[in-house]
Amino acid sequence: MSHTTSREEELAAEIARLKQERPYLDNLFTSFGPMLLLRQRWGQNKREGETTITVDPLRYSSGMTVMQQCPDLLYDDRWHDAGLAVAGAIGYGFCELAGDMDYLTNRIRGGLDCCTLYRSAIELKPEELGRKARETGIQELSLAVFLRCLGRLMLSIKAQEIATELASLTWTKGYCPICGSFPHLAIIRDKGQRWLQCPQCSHEWSFPRMTCPYCEHEEPAGTSYLFVEGKKEEMAFTCERCERYLVTTDQSGNLRRTNADLIALSLAHFDMLVQDKGFQPMAECEWNTFATAD
Ligand SMILES: [Zn+2]
Ligand SMILES: [Zn+2]
C-alpha cells in the first residue's frame, strides 16, 4: 500500500509545484487536481487479469475500437463506489458545484444507481439532459460534469486493465483504439516517437510524427509545429487541411513519466494561443473549452 500512497503523493507534489511555477493556471489545478488524484488512486487498484476482452484482430486493425466491439465492457460492480468518489472530487475542486455534489452523494447512498443513470444519460440528446438533471434534482451543468468525470474514471480503469491484451495488436488510426476519442495531447518519447494521449480513457498509442491524427493528412505541406518562445519542448502540431491542432510536449530526455493529464492541464495557456490562430482542438476537454471560457 505504501507504493500506492507514494505515487499519489508524488502527483500531489507535482501539482503543487506546477501551481507555483504557473500561477496563471492556479484555478485549473485547484479545480481538476482532485479528479487527477482520484484517477491515480483508482488506477493503482485495478483488477489485474480479471477483465478479458474478445476483440477480433482484423476488425481492430481496420479501425474498429474495443468499445465498438465490446459495448458492455464498462459495466461492472464498481459504479456505486466510483459515483461517490467522483461526486466527492468534483465537490472538492469546484466550490460552485459542491452543493449539488453533496445532494448527489446522499442520493447515491440512498440507492440512486450510477450505472443506470450513466447508461440512460449517454443515449440522450444534449437538449434532453436538462430534463434528466431536473429528475435527478441537480443543475444541468452539475450532471454533465459528473457524468463526464464518472465515465472517464470507469473508462480509464478498463483501459489500464486491458492494455496488455492490446499490446500485440496493430492499430494505425489517429483516434483511440479503446474508446474512439481523438487525442488531446501528444508526447514525444525515446527515438522521437510520438505517443497520442486519449482524454477519455487515458490510453496512449504511437502514431507517425508528421501525419495528422485527425484527418490523416501526411504531406509535410499544410502541417507544422508552433512553438512558444523560450520553451523548446512545448509545441503544437497544426494541420491546415482540417484546421485542428494537437498540443505536444517533447519528453525524450525525461526519464520520469509525468502524468499525461497533468501535462495537458499545464499547457492549457497554449491551447488559447493556438485557438487564437484559428485552429480547433482535436478533442474538446474541460480545460480547453469549458474551463478557459471565462
Ligand atoms: Zn480512449
Ligand atoms: Zn488534419
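This is a predicted model: local features need pLDDT of at least 70, side-chain atom pairs count only at pLDDT 80 or more; totals for chains, interfaces and linings use all residues.
Local features here need pLDDT of at least 70 and side-chain atom pairs pLDDT 80 or more, while totals for chains, interfaces and linings use all residues. Residues are numbered from 1 along each chain as its sequence is written, chains are lettered from A and ligands numbered from 1 in written order, and side-chain values use heavy atoms, without hydrogens and water.

Q: How do you know which residues coordinate the zinc ion (ligand 1)?
A: Donors are N, O and S atoms within 2.8 Å of the metal (3.2 Å for Na, K and Ca), and water is not among the atoms, so sites may look incomplete. The SG atoms of Cys176, Cys179, Cys198 and Cys201 lie at 2.3 Å and therefore qualify. Their spacing in sequence is C-x2-C-x18-C-x2-C.

Q: Why is the arrangement around the zinc ion (ligand 2) called tetrahedral?
A: Its 4 donor atoms subtend angles of 105 to 116°, which makes it so. The donors are the SG atoms of Cys212, Cys215, Cys239 and Cys242, at 2.3 to 2.4 Å, spaced C-x2-C-x23-C-x2-C in sequence.

Q: Why is the pair of aspartate 261 and arginine 152 called a salt bridge?
A: The term requires a side-chain nitrogen of Lys or Arg within 4 Å of a carboxyl oxygen of Asp or Glu. The N to O distance is 3.6 Å, so the pair qualifies. Between domain 1 and domain 2 the count is 1 salt bridge.

Q: What makes up the area buried between domain 1 and domain 2?
A: Buried area is the accessible area (1.4 Å probe) that two parts lose on being put together, summed over both. Here it is about 530 Å², with 51% from carbon and sulfur atoms. In domain 1, Arg152, Leu155 and Ala159 lose the most area to domain 2, together 67% of what that side buries.

Definitions and conventions: Four donors count as tetrahedral if all angles lie between 85 and 135 degrees; four count as square planar and six as octahedral if opposite donors are over 155 degrees apart and all others between 65 and 115; anything else is irregular.
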